[in-house]
Amino acid sequence: MGNAQYKLYYFEFKFRAETIRFIFEAAGKPYEDIRFAQSKWPEYKNESPFGTAPYLEISNGSQTLKLGESIAIARYVARKFKLAGKSDEESAIVDMYADLITDLMNQMVRIIVEKDEGKKKQEQDKLQNELVPKCFQLFDDRIAQSKSGYFVPSGLTWVDLYLFNFIDLQGDKVDDLLNNNCKHVKKLYENVRTNPRIAAYLKRRPVTPF
C-alpha cells in the first residue's frame with residue numbers, strides 16, 4: 001500500500017493512541033486523526049476489528065485494511081516508516097523494551113478502572129514504588145549502553161516515543177519521575193520533546209487530562 005491513506009480512530013484523549021500519533025508525526029507522514037467522545041463509541045465499535053479502540057484504517061484505491069490493538073498498530077506503522085530499528089537485532093531490542101512499557105501502561109489501566117479506593121492506592125503504590133523504579137533503571141542502563149540518547153544505537157525508534165508517552169501521561173508528576181537519577185531516561189525524554197516534528201505536534205494537539 002505505497003500510496004495509502006491512514007485514518008486513526010480513538011477517543012478524545014491520548015493514552016493508547018498517542019504513541020501511534022507520535023510515530024506518524026515523527027515520520028512526517030499524513031494521517032487523519034479521528035477523535036470522538038466516549039458517548040459516540042457505539043457508532044464506531046462495529047467498525048473496529050475487535051470492537052476496541054484505537055483502530056487504524058488503511059486505504060489504497062479499492063483496498064482497505066483495518067488493524068486493531070494499539071501495539072500491533074504501532075509496530076506496523078513504525079516498520080512502514082523506518083522507526084523500528086535498522087536491523088533485526090535492533091528491532092528485537094525495541095520490541096523487548098516496548099513490552100516493559102506496556103506492563104507500566106497496563107498497571108495505569110488497573111489504577112484507572114479500580115473502584116475501591118484502598119485497592120486503587122495499593123495499585124498506585126505498586127506502580128510508583130515497585131514497577132517504575134525497576135523498569136526505569138533497566139531503561140536507563142539500556143539507553144546508556146546504546147550511546148545514542150535513545151534505546152538503540154541507530155537513533156529514534158517507536159519505543160522512544162512509547163516511553164515519552166508514558167512519562168507524558170504522568171502529568172504534574174513528570175518532574176519527579178525524571179529526577180530519580182535516571183539521567184539517560186531524562187535525556188531521551190528531552191530528545192523526543194525537542195524533536196522538531198514532535199515539538200510542533202505537542203503545541204497543536206488538544207489538551208486532555210490523559
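Visitor: Is Asp 33 buried, exposed or partly exposed?

Guide: In this predicted model, Asp 33 is partly exposed, with a relative accessible area of 26%. The limits matter here, because under 20% counts as buried and over 50% as exposed.

Visitor: How many salt bridges does a search of the whole structure find?

Guide: The search finds twelve salt bridges. One of them joins Lys 121 to Asp 125, with the closest N and O atoms 2.9 Å apart. These two residues are four places apart in helix 5 (residues 117-146), so about one helical turn separates them. Lys 121 is exposed, with a relative accessible area of 53%, whereas Asp 125 is partly exposed at 28%. Elsewhere, salt bridges with shared partners join Glu 18, Arg 21, Asp 33, Arg 35, Asp 168 and Arg 205 into one network.

Visitor: How many of the residues of helix 1 are buried?

Guide: Helix 1 is mostly covered, with twelve of its 13 residues buried. Among them are Phe 15, Glu 18, Arg 21, Phe 22 and Glu 25. Just after this helix, Gly 28 takes a positive phi of about 70°.

Visitor: Which residues touch the most other members of the largest nonpolar core?

Guide: The general idea is that in soluble globular proteins, nonpolar side chains tend to be buried together. Here the largest nonpolar core has 68 residues, and those that touch the most other members are Phe 136, Phe 139, Trp 158, Phe 166 and Ile 167. Leaving aside residues up to four places away in sequence, Phe 139 touches Tyr 97, Leu 100, Ile 101, Leu 104, Phe 151, Leu 163 and Val 185.

Visitor: Where is Met 96 found, and is this residue buried, exposed or partly exposed?

Guide: Met 96 is found in helix 4 (residues 88-113). Met 96 counts as partly exposed, at 49% relative accessibility. Met 96 and Tyr 9 are 87 residues apart along the chain, and 26 Å separates their C-alpha atoms.

Visitor: How many cavities of 30 Å³ or more are there, and which residues line the largest cavity?

Guide: The largest cavity has a volume of about 60 Å³. Its lining is made up of Phe 15, Arg 16, Thr 19, Ser 70, Ile 71, Ala 74, Met 105, Tyr 162 and Asn 165. At least two lining residues come from each of helix 1 (15-27), helix 3 (70-80) and helix 6 (158-168).

Visitor: How much space lies in the largest pocket, and which element gives the most to its lining?

Guide: About 420 Å³ of space lies in the largest pocket. It is lined by 18 residues, of which Tyr 10, Phe 11, Phe 15, Arg 16 and Ala 53 are the closest to its centre. Helix 4 gives the most to this lining, with four residues. The lining divides into twelve nonpolar residues, four polar and two charged.

Visitor: What is the volume of the second largest pocket, and which residues line it?

Guide: The second largest pocket has a volume of about 210 Å³. Its lining includes Phe 15, Met 108, Gln 124, Lys 173 and Phe 210. Helix 4 and helix 5 are the elements that give two or more residues to this lining. Helix 4 gives the most, with three residues. The lining consists of eight nonpolar residues, two polar and one charged.

Definitions and conventions. Residues are numbered from 1 along each chain as its sequence is written. This is a predicted model: local features need pLDDT of at least 70, side-chain atom pairs count only at pLDDT 80 or more; totals for chains, interfaces and linings use all residues. Side-chain values use heavy atoms; hydrogens and water are left out. A nonpolar core is a set of buried Ala, Val, Leu, Ile, Met, Phe, Trp, Tyr and Cys residues joined through side-chain atoms within 4.5 Å. Buried means under 20% relative accessible area, exposed over 50%, partly exposed in between (1.4 Å probe, protein chains only). Contact means heavy atoms within 4.5 Å. On a 1 Å grid over the protein atoms alone, a cavity is a set of points where a 1.4 Å probe fits but cannot get out, and a pocket is an open set with protein on both sides within 12 Å along at least five of seven lines; lining residues have an atom within 4 Å of a point. Grid points are joined across faces, edges and corners, and a volume is the space filled by probe spheres set on the points. A salt bridge is a side-chain nitrogen of Lys or Arg within 4 Å of a carboxyl oxygen of Asp or Glu. Ala, Val, Leu, Ile, Met, Phe, Trp, Tyr, Cys and Pro count as nonpolar, Asp, Glu, Lys and Arg as charged, and the others, Gly among them, as polar.
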